Amino acid sequence: MEIVKPSKKIINYLDKLTGLSDVEQIYKFIYQELSSFKKIRNISLCFSTSVNNNLIYYKEKSRVCAKQLDRLWSSDTNMRLDNLEDSKFLANCLKRPVGQLLSFPLVVNQLNEKVSSSVPAVIYIEHIASKTEQDELIKELISYIQPVQFALERAFLQAFMHSASIEWQNTFDGLKDPICIIDKNYNSLRSNKSFSKSAEKSQCYKVFAGLNGPCRGCPVGEVLETGKYQMSVIKKGSDTFEVHSYPIKINNDEAVTTIVSHYINITKKQDLLGKMLQSEKLAVIGHLAGNIAHELNNPLTGIKSLTEVLSAEVEGGSQIHQDLNEVHKAALRCQNIIKSLMLFSSENPSANKKVLSINEQVKISLTLLKSAMRSLNVKVNLTEETANVLVVPELFIQVLFNLVQNACQATPESGNIEITTLVEGNTVVFKVKDSGCGIAKEIMSEIFNPFFTTKQKNQGTGLGLSMSQGVVESFGGKIIVNSTEGVGSEFIIRLPKALGEA
Amino acid sequence: MKVLIIDDESSVRRALQRAFTSRGHQASVAIDAIEGESLWLVEKPEMVILDVLMPKMTGPQLLEKLKDFIKNYPVKVILISAYSGEFDTKQSLSKGANLFIEKPFENIFSVVDKAEELII
């Protein structure tokens, strides 16, 4: 084998070629280098990036052009001289006649399996060398053409990587959860659209939460210290996020250089959990209240009974007798409160409905709300007609309690609350009207939804109205609300009048 | 009549004792079922007012314990309780009691009335 010592010219050529990774650049370069050869008239490069993407690079009037082709070139992998098929093909592409032609197919390794052709690239050289000069020409050209194969491979890889990179970025941006990659100084190196819509490159805490230092509860500090995955919870405005931070180390035993943080919005989940806990708490308190009520009955019996004994022993009308009377009345009030409490906190409401007087039910509910009503002007108008309803007492009292309590909570000090019961034909009506803040039109349709509340987190579960409506509807009635923002609200319960005696 | 009052609430014991005494009856008190048992066996009262829920031993448990003793002499038992739901009337009567009264009493003297009615 003849060992050809590479000339300085070739070495320079290869050097420059290595630095090129764009197909157009490569074409321009080889055109520049090879057109200086004697007898070469034109150089064209055909290159295929995928099944439907076949290009030809050529020079026309000293301008570099590129064109998409709908025809593919020959799949012959051998170098050819003056091949008719090639000439026709090239003439067709360039729209001009083609003379003597050298065809150099290049087998370029493509990563993209979609390219079906076995000859992804061809260099066509138009020349005017004579038959005797051709061999010499080809010999020289080979050393220049063969390396182009590798340059094209590199170009292809670059394009592939670029499109892969775009594909990755699109996937990254497509993720619903915010993700941010930071360095150990919290600088955001890369993030997806969910993290930040702008391309602002700053510290993660600045971009995400608008803060000047790490978020409260940020797990990154620990990740840097321990070199291990950490998770913690942070707040951003009114939203709560679980932040999962993963360390990236160049070598396993070296310090953490980069951290990937994945944010999961758990606001809704936490909210629901909070409400469930609250509901649970209320259930426990209800149970406790029931127990306490029972416990109170014993000493209360003693107080009431002894008062009765003493009353019988002193002179009627005497001061002592009157005092004892007052003690007895106070004891009776205690008894009422305990009865109401026990009814209200009943864990096993009777499945049976009973015919009850709505006025009595209202009185029991109001007994439990005395302190809430203290600072308000409360007017109670109970109908004198017989107004009986068929309801489960424990549940109905809770409904009345709920509506009146809502009214009290919505009304400022010295505000007005009006409670009315009346009979309209075959319907018993209960109304509670307040002079409170009213309900905004936008949320009117939501107020009966479970868990909907306008109260602070620990002040209510948002279940009151939803349950009340359910209960009233189960008794064949309905709850109606009229409200004007800033003026007040009126809640109305309409129930069918019950026949029979309470 | 001779009455024995067994209840762990002191104000209730005193109220019942005073009420019975003011009507001319003889009334002793016991602070729990254990003391109650001893007094019952010794004094053999005609009427026993027995609280249901007491620590260490409940009223019904005491009744069960003295089942045979009670059968063998004329005695009436009234069970009293603040816990109405958990102990219904039928149950109390089947355990050897003659009457069940809920606390708080409508009127303390009504208890004395009911006891007197039972003895007649």
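**Close-ups of the chain A and chain B contact**

**View 1. The contact between the two chains.** In this predicted model, 20 residues from chain B and 17 residues from chain A take part in the contact (heavy atoms within 4.5 Å). About 1500 Å² is buried between chain B and chain A, with carbon and sulfur atoms giving 58%; buried area is the accessible area (1.4 Å probe) that two parts lose on being put together, summed over both. R18(B), Y83(B) and P104(B) supply 34% of the area that chain B buries against chain A, more than any other three residues.

**View 2. Helix α7 of chain A beside helix α1 of chain B.** Here α7(A), residues 267–313, and α1(B), residues 10–22, have axes that come within 8 Å and cross at roughly 30 degrees. Helices are DSSP runs (H or I, at least four residues), numbered from the N terminus, and axes are lines fitted to C-alpha atoms over the stretch in contact, with angles from 0 to 180 degrees between N-to-C directions. The crossing angle therefore makes α7(A) roughly parallel to α1(B) (angles under 35 degrees).

**View 3. The salt bridge between the chains.** Look for E313(A) and R18(B): their closest N and O atoms are 2.5 Å apart in a salt bridge (a side-chain nitrogen of Lys or Arg within 4 Å of a carboxyl oxygen of Asp or Glu). The count between chain B and chain A is one salt bridge.

**Notes.** Residues are numbered from 1 along each chain as its sequence is written, with chains lettered from A and ligands numbered from 1 in the order written. Local features need pLDDT of at least 70 and side-chain atom pairs count only at pLDDT 80 or more, while totals for chains, interfaces and linings use all residues; side-chain values use heavy atoms, leaving out hydrogens and water.

Terms used
Helix = DSSP H or I, 4+ residues; strand = E, 2+ residues; numbered from the N terminus. Parallel < 35°, antiparallel > 145°, perpendicular 65-115°, else oblique.
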